[in-house]
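Please work through the following exercises with the sequence and the three-dimensional structure at hand. Each task is followed by a stepwise solution.

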Amino acid sequence: REFKDGKGMLSDADADVYAALERNLRERVGEEFILARTAKSHNDQAATDLRLWLRDACLEIAERLLTLRQVFLQLAERDIEIVMPGYTHMQPAEAILLSHWWMAGEARFSRDYSRLFDCYRRLNMLPLGANVLAGTREPIDRTMVAKALGFDDVIENSLDAVTDRDYLIEFGSFASIVGLHLSQLGGELLLWITQEFAFARIPQNIVIDSHTLPLRRNPEILEVLRSRPSLIYGRLFEFITQLKGLSTGFSQDLQECVPGLFDIVDAMRILLDLSIGMLPGLDFDEKRMKEVACADLVNTSNALDYLLNHGVETAIANRAIEHLTQYCRTRHKYLSDLALNEWQQYSPAFEADIYEYVSMEESVASFCSFGGSSKEQVEMALTRSRAALQKDMAHLAELSSKFGSAMMESLK
C-alpha cells in the first residue's frame with residue numbers, strides 16, 4: 001500500500017524487492033519478521049507474485065473486452081438499416097448490412113474473451129509452498145493459502161511450480177490474436193475513410209491536424225491500431241526464445257520475461273481504450289455505401305436465382321446473366337435501371353417481378369439463412385449476443401468479488 005502511495009521502499013543496500021520487503025518488516029515488527037520467510041523462497045514468491053499481477057491484469061483486460069463488445073452491439077443496433085458492400089478479394093461481392101459487419105467484429109472479440117479465460121484457468125494456480133524447488137519440511141497447508149489468495153488450486157509438483165511460465169506464452173498468444181483483430185479493424189477503417197472509399201469520417205476531436213496540409217484529417221489513431229500489435233507479437237516471440245532450452249528448475253531467465261509482459265499489458269490497455277473511445281464517433285455515409293453496394297452489379301446472383309427458380313437450365317441461365325451483365329456495363333446501367341423488354345432480350349423467363357429480386361433491399365433480405373445478413377437474422381444474432389454478453393459480465397463480476405471475499409476471509 002505504501003509503495004502504491006508513492007512512498008519509497010527500496011534502498012541501495014537492498015538486493016531486490018524481496019530484501020526491501022524484509023527490511024521494512026524488520027523495521028516495523030522486529031525480529032518476528034523472520035516468520036515471513038517460513039516455507040517459502042524467492043523462487044516460489046516470484047512465481048506467485050507474477051501470477052497474482054497477471055491475474056489482476058487479465059480481469060482488467062477482460063473488463064475492457066466486455067466494454068468493446070458492448071460498443072459493437074450498440075453500433076450494430078444503431079446501423080441496422082445501413083446497406084454496404086461485402087467484399088471478396090477486395091472487390092464488391094454482395095450487399096450486406098453494416099450491422100452484420102459490426103456483429104462479425106463482436107464475434108471475434110467474444111472468442112477472444114473466451115480465449116482469455118482458457119488461459120486464466122491455468123494461470124490461477126498457486127505455486128507458493130514449492131520453496132526453492134523441492135517443497136518444505138514445514139507442515140504447511142498449501143490449499144488453505146490458495147483459497148486465501150483466491151487461487152483455484154495449487155500446482156502439485158513443486159519443481160514444476162517454480163519453473164512453469166507456460167501461461168506467459170498463452171497470454172502472449174491471446175494478446176497477439178486480440179492485437180491481430182484490432183489491427184485488421186484499424187486497417188479496414190483506414191481504407192473506409194480514404195477519399196476513394198469515402199464510407200466514413202472520424203470525428204474531429206480525435207484526428208491529428210497536418211501542419212503542412214491544414215485541411216487534412218490524419219487518422220493516426222487508426223494507424224496505431226494497425227501497427228502497435230507488432231510490439232505484442234515481438235514480445236511473444238521473445239518469451240518463446242527466452243524459455244527455450246531451459247533446464248527444469250529456477251533460473252534468472254524466467255525473470256527476463258517480466259518486462260515483456262508489462263509491455264504487452266500496457267499495449268493491450270492502450271489499444272482497447274483507443275477502440276472503445278473512437279468507434280462510436282465514426283460518421284458513416286449511408287448514401288455512398290449503398291451506391292458502392294449497387295456497383296459492379298453485385299446483385300446479379302439474385303437474377304441468376306430468378307432464372308433457376310423459373311426452370312431455366314443452369315448453363316443457359318449462366319450465359320444469359322453473363323450477356324446481361326456485359327450489356328449493363330457497356331451502357332453504365334444497374335440491373336434495376338433496365339426496362340422489362342431489355343430483360344427479356346436475354347431470357348423470356350423474366351417477368352415484371354424480377355425487379356423485386358434485384359432491388360438492393362430484396363438482395364439483402366434474401367440472405368435469410370442462420371447467421372446471414374438479412375435484417376431478421378441480424379436482429380436474432382443481436383439478441384443472442386446480448387444474452388452472451390450479459391452472461392460474461394456476470395461471470396467477470398463473480399470472479400472480481402471472489403478475490404475480495406477471499407482476502408477478507410483470510411484476514412479474519
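The exercises below begin with the whole chain and then turn to individual residues.

This is a predicted model, in which local features need pLDDT of at least 70 and side-chain atom pairs count only at pLDDT 80 or more, while totals for chains, interfaces and linings use all residues. Residues are numbered from 1 along each chain as its sequence is written, and side-chain values use heavy atoms, with hydrogens and water left out.

**Exercise 1. Overall form**

Task: State how many helices and strands the chain has, and determine why the chain is described as more spread out than a compact globule.

Solution. 
Step 1. The chain contains 16 helices and eight strands; helices (H or I, at least four residues) and strands (E, at least two) are DSSP runs, numbered from the N terminus.
Step 2. The radius of gyration is 29 Å, whereas the globule rule gives 22 Å for 412 residues; the chain is therefore more spread out than a compact globule. The radius is taken over C-alpha atoms, and the rule is 2.2 Å times the number of residues to the power 0.38.
Step 3. Along the principal axes, the C-alpha atoms occupy a box of roughly 100 × 55 × 45 Å.

**Exercise 2. Burial, contacts, surface and charge**

Task: Give the share of buried residues, the share of contacts that join residues at least 24 apart, the accessible surface and the numbers of positive and negative side chains.

Solution. 
Step 1. Of the 412 residues, 43% are buried. Buried means under 20% relative accessible area, exposed over 50%, and partly exposed in between (1.4 Å probe, protein chains only).
Step 2. Contacts (heavy atoms within 4.5 Å) between residues at least 6 apart in sequence join residues at least 24 apart in 74% of cases.
Step 3. The accessible surface is about 21900 Å², and carbon and sulfur atoms account for 54% of that surface; the areas come from the Shrake-Rupley method with a 1.4 Å probe, and for residues only the protein chains shown count as cover.
Step 4. There are 43 positive and 61 negative side chains, with the centres of the two sets 3 Å apart. Lys and Arg count as positive and Asp and Glu as negative, without His and the chain ends; the charge is placed at NZ of Lys, CZ of Arg, CG of Asp or CD of Glu.

**Exercise 3. Thr 48 and Leu 126**

Solution. 
Step 1. Thr 48 is buried at 3% relative accessible area; Leu 126 is buried at 0%.
Step 2. Beyond four places in sequence, Thr 48 contacts Leu 126, Pro 127, Leu 128 and Phe 151.
Step 3. With the same exclusion of residues up to four places away, Leu 126 touches Thr 48 and Phe 151, among others, including Arg 142, Val 145 and Ile 155.
Step 4. By contrast, the C-alpha atoms of Leu 126 and Leu 282 are separated by 45 Å.

**Exercise 4. Positive phi in loops**

Task: Describe the phi values and exposure of Ala 198 and His 332.

Solution. 
Step 1. Ala 198, not a glycine, has a positive phi of about 55°; for His 332, phi is near 55° and likewise positive.
Step 2. Ala 198 lies in the loop between α6 (166-192) and β5 (200-201), and His 332 in the loop between α12 and α13 (340-344).
Step 3. Ala 198 is partly exposed at 28%, whereas His 332 is exposed at 74%.
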